[in-house]
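Here is a short briefing to read alongside the model. Keep the structure open and follow the topics in turn.

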Amino acid sequence: KDQNQKQCCSMRRESSHCSDYDSQGNLPRRQSSSYFHDTSQRIRKFCSCAQNESWQSFSQSQLDQQQLDNKDDYGTQAQIPSTTSSDEKYNAIMTSLGTPKERMAKHVDNAKLALLHSLAISSGDVTSQQFLFALEQLRMLYNSTEWDVRGDEYNNNEHSVGGREMNRGIEGMWLNLSRPNFQECIGKNSSGEYMYTLGRMSFDMFAPSSLVCSIQGIFNHIEVVDLEKDRHTLKSVPKSLREEISGGKTTLRKYDIVTAFSVEPDSPQFGSSSPNRCVQRPLKGIITTYGYVLPDPNTPNRLSIWFSGGKIEPDEDDRNLEEWKRAFGSGGGSSGSGSSSFHRHLQEKARLLAAKLLLGAEVPDKLEGDGSMCFHLHRPIGGHGSAYVDVLYLDNTLRVVQGHRGSLYVFSRVS
């Protein structure tokens, strides 16, 4: 047991490559009400260090920890003397198995173990039969608790998962363990990281949209919005939901998606007219998509979702700002300053025009001095039933959700 514990902690430290982990391989908890903004440098460091082991090694470490937990709770066997009667043997065996709640907890642990194992061996694939079978078992066990993630107003009693009382608040910083699912994956780089164009990663809001990037990690930051202190947030709420929020009978939460990525150095794989032709080494950056969720009053465990804007910026640890600006110069060329307007293809212009008309999109046409760009959606579209995520499972460390288009995501809590 001690040897397994040491190996598990070692794997956690190796998978993170971060000195911020404590001796037990855990990230320290922060008490700030605005975790992401107060610890942005810490998140940037974690993003930069994640590399291709971000979800692979993290899911493996979660798997090892789950196996260790199972051994701790259920590894002992009842010692039954050979002279014991049948009735006494039966009672001893049932005692060794624990109470009904303890047996339910074992079923939950086994389902989590199978789910994490399927992710570890498939590089985060959430479409495999092994994963879907484990998820269905976990979902049914979770539904039996009658817990509703939408908030306390939807829960009448104390509930637990498998007999264990859970602090199942959805707020916190979560790491996506499942494979990125942006459209039109280009393939993998030499480190095994999935590659996409910048346009596919940012809804075509950032240019040059053809710039090839690799993904090191995707985080989901969730935080309750205090409307008494943050009244201007209502401007980011769809009109159909403003009255509901203003009444104060529901809980509005931030739902930001933070993607750690690198602009890939030029490669023959990108062709003779490579959009990355001026990139000589990986350039690390962060894309933050700002979103919100609101409990759906009619559907248990459903959160209505919408997005209000986004930002792209170079990693603070990446000191060479001039290389970043050259990569994001006009058409990804050699303008150097990044001050000239981007050249967009006709299809991009058509999509942006539609976004401006429907969403009131304000799209950047050049880099700011610090290398960042922002877009804003002044008329975000949202409403109950139009876009949402269903929470299929939630406990202290694991969250599984499904989007309104059927996409599945598995998250592990990092804070």
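Which residues make a nonpolar surface patch of about 450 Å²? Leu 353, Leu 357, Leu 358 and Ile 381 make the patch. This is a predicted model, in which local features need pLDDT of at least 70, side-chain atom pairs count only at pLDDT 80 or more, and totals for chains, interfaces and linings use all residues. Residues are numbered from 1 along each chain as its sequence is written, and side-chain values use heavy atoms, with hydrogens and water left out.

**The surface patch**
- Patches are made of residues with over 30% relative accessible area and no salt bridge; like charges are joined within 9 Å, and nonpolar side chains (Val, Leu, Ile, Met, Phe, Trp, Tyr) within 5 Å.
- One of the patch residues, Leu 358, sits in helix H11 (residues 346-359).
- Leu 358 counts as exposed because its relative accessibility is 58%; exposed means over 50% relative accessible area, buried under 20%, and partly exposed in between (1.4 Å probe, protein chains only).

**Overall picture**
- The protein has 11 helices and 14 strands, taken as DSSP runs numbered from the N terminus (helices H or I, at least four residues; strands E, at least two).
- Of its 415 residues, 52% count as buried.
- Taking contacts (heavy atoms within 4.5 Å) between residues at least 6 apart in sequence, 66% join residues at least 24 apart.

**Nonpolar cores**
- The largest nonpolar core has 40 residues, and those with the most contacts inside it are Leu 115, Phe 131 and Val 410. Such a core is a set of buried Ala, Val, Leu, Ile, Met, Phe, Trp, Tyr and Cys residues joined through side-chain atoms within 4.5 Å.
- Helix H7 (residues 129-143) gives the largest share of this core, six residues.
- Apart from this core lies another, of 29 residues, including Tyr 194, Met 201, Val 363 and Leu 367.
- Beyond neighbours within four places in sequence, the contacts of Val 410 include Leu 115, Leu 119, Phe 131, Asn 176 and Arg 399.

**Salt bridges**
- The structure holds eight salt bridges, each a side-chain nitrogen of Lys or Arg within 4 Å of a carboxyl oxygen of Asp or Glu.
- Arg 139 and Glu 136 pair at 2.5 Å, N to O; both lie in helix H7, three residues apart, about one turn of the helix.
- Arg 139 is partly exposed at 26% relative accessibility, and Glu 136 is partly exposed at 31%.
- Arg 302 and Asp 390 form a salt bridge whose closest N and O atoms are 2.7 Å apart. This pair links distant parts of the chain, with Arg 302 in strand E9 (residues 302-314) and Asp 390 in strand E12, 88 residues apart.
- Arg 302 counts as buried because its relative accessible area is 15%, and Asp 390 is buried at 17%.

**A buried aspartate in a loop**
- Asp 395 lies in the loop between strand E12 (388-394) and strand E13 (398-403), and is buried at 2% relative accessibility.
- Its side chain makes a polar contact of 2.8 Å with the side chain of Lys 112. A polar contact is a pair of N or O atoms within 3.5 Å; within protein, one must be able to donate a hydrogen and the other to accept it, and residues adjacent in sequence count only if both atoms are side-chain atoms.
- The side chain of Asp 395 also reaches the backbone nitrogen of Thr 397 at 2.9 Å.

Notes
Accessible areas come from the Shrake-Rupley method with a 1.4 Å probe; for residues, only the protein chains shown count as cover.
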